[in-house]
Amino acid sequence: MKRKMTALMMAVVMAASLAGCGANANANNPNTATTAAAGSETSSESGTAENTQAAGGNTLTVAFAEGGKTLNPSQATDSTSAVFINAAYDQLVTYGETTDANGYKIADTGNIQPSLAKSWETSEDGLSYVIHLDENAKFANGDPVTADAVIFSFDHIKNSNYTGFLYTLANIETMEKNDDYTITFQLSKPCTIFFNLLQMHIFSIVNPAELEGMSTEEIDTYLTTNTAGSGAFEIEKWEATTEAVLNARTDYWKGKVALDKVLVKIVPEASNRVLLADKGDVDVSLVIPPKDLATLEGNENLDIRSYESVSITYLSMNTQNEALSDVRVRQAINYAMPYDSIVTDVLSGQAKKLDHVIPSAMPGYIDTDEGVYTQDFDKAKELLAEAGYSDGLELDMILSNGNQDNADSAILIQDALSKVGVTVNIEKMERPQYLEATSGHNFDLAIAGYSAFVNDPGYFFGNCLYSKGEYNYGSYKSDRVDAIWEEAESINDIQKRYELYGEAQLIVAEDAPWAPLYEKSTIVVTNKSVTDYKYYPDGSMRFAEIAK
């Protein structure tokens, strides 16, 4: 028996988290400028009024710290790439809207709303989803968005080495085309976050007609710098190290959005982003260090927005390292951490201590002192002595260049560990080398961050702490945690899932594969000329929902 639910009525209770018709954003490597827009020869770091003044009218000018890695939905695992993908593509569903405690608009992650899908039915056992597409939906070249396009897109995701794990997480067993505008998804087991996964940029629907005759490898190469979606914007230019230019489509199938154009300036130096925001040369500036907010607070033209996020920072320990394979050493490192100093001195109070591995804004978080570490040098020394390291221990710690918060935290951590006999050598790496080292499990200690695209403990544990997780950098393996994840992801009882993940958090605290450091507020600085801005828990801006 099935219960029919229209898209307007559907609400998935959740633990809380580009219109190019083959448009050539950059014909070659995204880091190599080849397709320059007229009059756009600018330096993203110059800070001159001539080059960086925010455009008027319905043009939004934004300062990003970096420019993303790809326009390919099936390969984009970073939030900046997601911004451009969300601009040029649509997904089957999206989130509704609510407001936070400050009155700011935020995505309502428990309220699934229609996008390319106009309605759906879900079976009572949670194993069957019948999705009806909006017959008015059109790709940028005018082709209709059909069931064939959905199946093509999902098959491409399934076979991706980058995001295929998300397809697996959705538990999709089969996809069947009922008619041109209807698809049935059959799941192998329930997935309580099925629709929350489907609203992600990764599950964007691609026009197969644009890719006809290409091999899988050719498709991935093409989509790295070109788009084939149905979204609200065409990407005129995308150069990942300098700038991007997006134009709103006048023929967008949902109707033209409020903005006419978006100019994205890639400004790696935080001080330059602060300067641009302070001078009014950009409308929105992201990734502003908390210690720099005082510079902007007296500017009456700016709105400094602080959003509760699911972004965390932690110290990952490689359990394959001989010393770190001993749980007592890992626990000792947890007891030595300068938690309060990092939050107060580095984050200027724009963060709070991460007590357990998942952030407090995530459903299933356990609000208990059990398993929570606080700084205790005597306990740390005792544990190190028990593990045979009373004479000291030397470890290397890696971190990615360009993140001053992490660099400052590393110095505090190095100093704190020296007080318990652990010598730490800090090595800064360029981002690609850092990612290679962490994904290759080639490190002792690493300062790492994680922001969940879906605010759900199953999504979090499946990525970070399940033994086969994509981001389980420290090679943590617990048979108990694995069993909990597998059980939790096979039931259709969301409250039971939360209870199981509460148990898992305590197990991880005891095993101590991480030293949880802090959960960080997301700071967005907007000019008051920006009249409509909605925050999403994945941290990725949706230009289609912004007005100026």
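Me: Leaving aside neighbours within four places in sequence, which residues is S467 in contact with?
Reply: This is a predicted model. In it, S467 is in contact with N472, Y476, K477 and D482, once neighbours within four places in sequence are set aside.

Me: Where is S467 placed?
Reply: S467 sits in the loop between helix 14 and helix 15, and helix 15 covers 479-488.

Me: What joins the side chains of S467 and D482?
Reply: A polar contact of 2.6 Å joins them. The two residues are 15 residues apart along the chain. Their C-alpha atoms are separated by 6.6 Å.

Me: Why does S467 count as partly exposed and not buried?
Reply: Its relative accessible area is 24%. Buried means under 20% and exposed means over 50%, so S467 falls in between.

Me: New topic. At what angle do the axes of helix 14 and helix 16 cross?
Reply: They cross at roughly 40°. The axes come within 10 Å. Helix 14 runs over residues 457-464 and helix 16 over residues 494-511.

Me: Why is that pair called oblique?
Reply: Roughly 40° is the crossing angle. Under 35 degrees would count as roughly parallel, and 65 to 115 as roughly perpendicular, so helix 14 is oblique to helix 16.

Me: Left-handed or right-handed crossing for helix 14 and helix 16?
Reply: Left-handed.

Me: And which residues make the contact?
Reply: Helix 14 gives P457, G458 and F461. Helix 16 gives R497, Y498, Y501, A504, Q505 and V508. These divide into 6 nonpolar, 2 polar and 1 charged.

Me: What about helix 9 and helix 11: what angle do they pack at?
Reply: About 165°, with their axes 8 Å apart. Helix 9 is residues 327-336, and helix 11 is residues 377-386.

Me: Why does that make them roughly antiparallel?
Reply: Angles over 145 degrees count as roughly antiparallel, so helix 9 and helix 11 get that label. Their crossing is left-handed.

Me: Which residues meet there?
Reply: From helix 9, R328, V329, Q331, A332, Y335 and A336. They meet F377, K379, A380, L383, L384 and E386 of helix 11. The contact divides into 8 nonpolar, 1 polar and 3 charged residues.

Me: On to S309. Where does S309 lie?
Reply: S309 lies in strand 15, residues 302-317.

Me: Is S309 buried or exposed?
Reply: Buried. Its relative accessible area is 6%, and under 20% counts as buried.

Me: What does S309 touch, leaving aside neighbours within four places in sequence?
Reply: S309 is in contact with P359, A361, K520, S521, T522 and Y535.

Me: T224 next. Which helix is T224 in?
Reply: Helix 6, residues 216-225. T224 is buried, at 18% relative accessible area.

Me: Which backbone oxygen lies 2.8 Å from a polar atom of the T224 side chain?
Reply: That of D220.

Me: Last one. What is the phi of A512?
Reply: Positive, about 55°, although A512 is not a glycine. A512 is in the loop between helix 16 and strand 20 (514-527). At 1% relative accessibility, A512 is buried.

Me: And what is the phi of S348?
Reply: Positive as well, about 50°, and S348 is not a glycine. S348 is in the loop between helix 10 (339-346) and strand 16 (351-353). S348 is partly exposed, at 37% relative accessible area.

Conventions. Residues numbered from 1 in each chain as written. Predicted model: local features only at pLDDT ≥ 70, side-chain atom pairs only at ≥ 80, totals over all residues. Heavy atoms only, no water. Helix = DSSP H or I, 4+ residues; strand = E, 2+ residues; numbered from the N terminus. Buried < 20%, exposed > 50% of the residue type's maximum accessible area, 1.4 Å probe, protein only. Polar contact = N/O pair within 3.5 Å; in protein donor to acceptor, adjacent residues only side chain to side chain. Axes fitted to C-alpha atoms, helices over the stretch in contact; angles between N-to-C directions. Left-handed = near helix turned anticlockwise from the far one by under 90°. Contact = heavy atoms within 4.5 Å. Nonpolar A, V, L, I, M, F, W, Y, C, P; charged D, E, K, R; others polar.
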